Amino acid sequence: MRVIRNATLPDGLERDVRITDGRIDAVGEDLDGETLVDATGKRLLPGMIDAHVHFRQPGYGHKETWATGSRSAAAGGVTTVVDQPNTEPPTVTGAAFDEKAEYAADSLVDWGINGGVTAEWERETLFDRPLFALGEVFLADSTGDMGIDAELFADACRRAAEEDVVVTVHAEDAELFDESARERDDADAWSAYRTAEAEEAAVERAVGVGGNVGATVHVAHTSTPEGVDAARAGGATCEVTPHHLFLSREELDDLGTFGRMNPPLRSEARREALFERLADGEVDVVATDHAPHTREEKDASIWDAPSGVPGVETALPLLLQAASEGRLSFERVRDVTAANPAEIFDLPRKGRIEAGRDADLVLVDPEESREIRGDDLHSNCGWTPFEGMAGVFPELTLVRGTVVWDGEAFADHGGENVRA
Ligand SMILES: NC(=O)N[C@@H](CC(=O)O)C(=O)O
Ligand SMILES: [Zn+2]
Ligand SMILES: [Zn+2]
């Protein structure tokens with residue numbers, strides 16, 4: 001029995017939190033037990049569940065490994081990660097799932113593995129494995145060129161409904177990309193090319209198809225207010241990324257190809273409208289779409305550079321910075337990073353500071369913000385699009401009661417499959 005004393009919880013109450021055998025066994029005042037830390041004046045949050053990361057193994061370990069990605073996660077207060085299927089081999093068969101699970105054994109934090117959909121997918125063997133969810137299903141090509149047609153998407157939705165798993169969707173419609181932008185070679189051309197309309201139309205179609213067959217659809221990385229509204233109108237849940245909340249097309253002059261991702265950065269007006277929806281409760285989840293590529297790979301023309309930016313270590317720090325500035329509440333931060341993903345993806349032991357749940361916890365001092373610098377982060381890629389911005393970083397990160405990061409060093413700890 002160890003106790004975190006006098007911590008300020010997301011609802012503002014000051015409480016002791018007691019941990020026994022990796023679980024929270026009591027939340028109250030003046031609890032018995034050995035003191036783990038005196039948290040007076042500090043904030044305690046449930047660890048972030050990042051429902052969207054690309055940890056790149058198998059296949060692309062030069063970009064990221066499960067070891068480096070999960071350390072980056074822990075140092076950013078993320079205690080559960082969900083890996084996406086665009087690896088090599090792509091996670092579209094039971095055998096590919098098993099191969100990825102061997103790499104995931106290197107993870108410092110808890111994890112899930114999504115199953116992908118391509119013409120080659122093997123539904124039977126895939127659904128035989130402890131899958132986290134189906135997805136991200138690519139309605140347009142992104143890194144890995146796993147875009148599929150409408151018929152296969154409908155089939156995937158039917159199958160997910162039968163298996164009672166959530167389908168997460170990368171919603172862009174390549175028919176609505178603006179080919180005229182192809183003549184430009186500045187970084188903003190990517191945003192002009194992959195239009196906001198292409199997202200809205202694809203979200204509408206995805207939630208329509210999913211609804212028809214009774215599938216539960218979760219829209220990945222919605223980048224526009226129109227995309228969020230279309231997901232909600234169709235009864236789907238949605239996630240937004242930190243880069244679409246904190247960066248816009250106005251930063252592309254500085255970022256160059258290091259600001260290229262799918263869906264792309266949007267106008268400042270759309271970014272603001274997205275942030276409003278986050279603060280007022282219309283965004284269900286913040287997930288990072290942590291998609292690292294090396295500097296050398298990114299250092300290419302706007303049409304040749306790979307799409308994607310890292311983000312797993314900076315998401316919670318950026319949100320906590322915004323909360324400490326009063327731009328959204330700490331309860332909203334808890335909901336979008338932990339409580340809501342736990343509910344949407346059925347993780348009853350994660351997501352809240354409550355007796356009976358796993359002791360996945362993050363302790364921060366909101367007064368202590370620091371400048372984000374790529375050099376200080378732990379991803380293998382070594383850069384961040386948020387360079388120079390302020391963040392509130394964890395002093396302690398616990399996974400099932402074990403301190404995996406104490407602000408300076410990582411523990412030797414084994415993350416577990418949350419579906420096992
Ligand atoms: N978002 C990106 O721009 N890239 C992701 C793939 C994806 O999520 O679409 C990647 O794996 O690199
Ligand atoms: Zn995607
Ligand atoms: Zn992704």
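Q: How do you know which classes of residue make up the shell around ligand 1?
A: In this predicted model, the shell around ligand 1 divides by class into three nonpolar, 11 polar and three charged residues. Asp and Glu count as charged, and Gly counts among the polar residues.

Q: What makes a residue part of the surroundings of ligand 1, and how many residues surround ligand 1?
A: A residue is near a molecule if one of its heavy atoms lies within 4 Å of it. Ligand 1 is surrounded by 17 residues, and the closest are Arg 56, Asn 86, Ser 142, Thr 143 and Asp 289.

Q: Why is the pair formed by Asn 86 and ligand 1 called a polar contact?
A: The cut-off for a pair of N or O atoms is 3.5 Å. A polar side-chain atom of Asn 86 lies 2.8 Å from an oxygen atom of ligand 1, and this pair is therefore a polar contact. With Asn 262 it is a backbone N or O atom that lies 2.8 Å from an oxygen atom of the ligand.

Q: Is ligand 1 buried or exposed?
A: Taken alone, ligand 1 exposes 320 Å², and the protein buries 100% of that.

Q: Where does ligand 1 sit, and what makes that space a cavity?
A: The space taken by ligand 1 is the largest cavity. A space is called a cavity because a 1.4 Å probe fits there but cannot get out, with the protein atoms alone considered. About 120 Å³ of space lies in the largest cavity, and by this rule there are three cavities of 30 Å³ or more.

Q: Which residues line the largest cavity, and how do they divide by class?
A: The lining of the largest cavity has 17 residues, with His 54, Ser 142, Thr 143, Asp 289 and Ala 291 nearest its centre. By class, this lining has four nonpolar, 10 polar and three charged residues.

Q: What is known of the second largest cavity?
A: About 70 Å³ of space lies in the second largest cavity. Its lining has 13 residues, of which Pro 310, Gly 311, Glu 313, Thr 314 and Leu 377 lie nearest its centre. Six residues of that lining are nonpolar, six are polar and one is charged.

Q: Which residues does the UniProt annotation "binding site" cover together with Glu 136 and His 170?
A: In the unreviewed UniProt entry, one annotation "binding site" covers Glu 136, His 170 and His 221. Although these are spread over 86 residues of sequence, they cluster in space, with a largest C-alpha distance of 10.0 Å. The lining of the largest cavity includes Glu 136, His 170 and His 221.

Q: How do you know that His 52, His 54, Glu 136 and Asp 289 cluster in space?
A: The unreviewed UniProt entry places His 52, His 54, Glu 136 and Asp 289 under an annotation "binding site". They are spread over 238 residues of sequence, yet the largest C-alpha distance is 10.6 Å. From this set, the lining of the largest cavity takes in His 54, Glu 136 and Asp 289.

Methods. Residues are numbered from 1 along each chain as its sequence is written. Chains are lettered from A and ligands numbered from 1 in the order in which they are written. This is a predicted model: local features need pLDDT of at least 70, side-chain atom pairs count only at pLDDT 80 or more; totals for chains, interfaces and linings use all residues. Side-chain values use heavy atoms; hydrogens and water are left out. A polar contact is a pair of N or O atoms within 3.5 Å; within protein, one must be able to donate a hydrogen and the other to accept it, and residues adjacent in sequence count only if both atoms are side-chain atoms. Accessible areas come from the Shrake-Rupley method with a 1.4 Å probe; for residues, only the protein chains shown count as cover. On a 1 Å grid over the protein atoms alone, a cavity is a set of points where a 1.4 Å probe fits but cannot get out, and a pocket is an open set with protein on both sides within 12 Å along at least five of seven lines; lining residues have an atom within 4 Å of a point. A molecule sits in a cavity or pocket if more than half of its atoms lie within 2 Å of its grid points. Grid points are joined across faces, edges and corners, and a volume is the space filled by probe spheres set on the points. UniProt positions are given in the numbering used here, feature names are shortened, and annotations may be inferred rather than shown by experiment.
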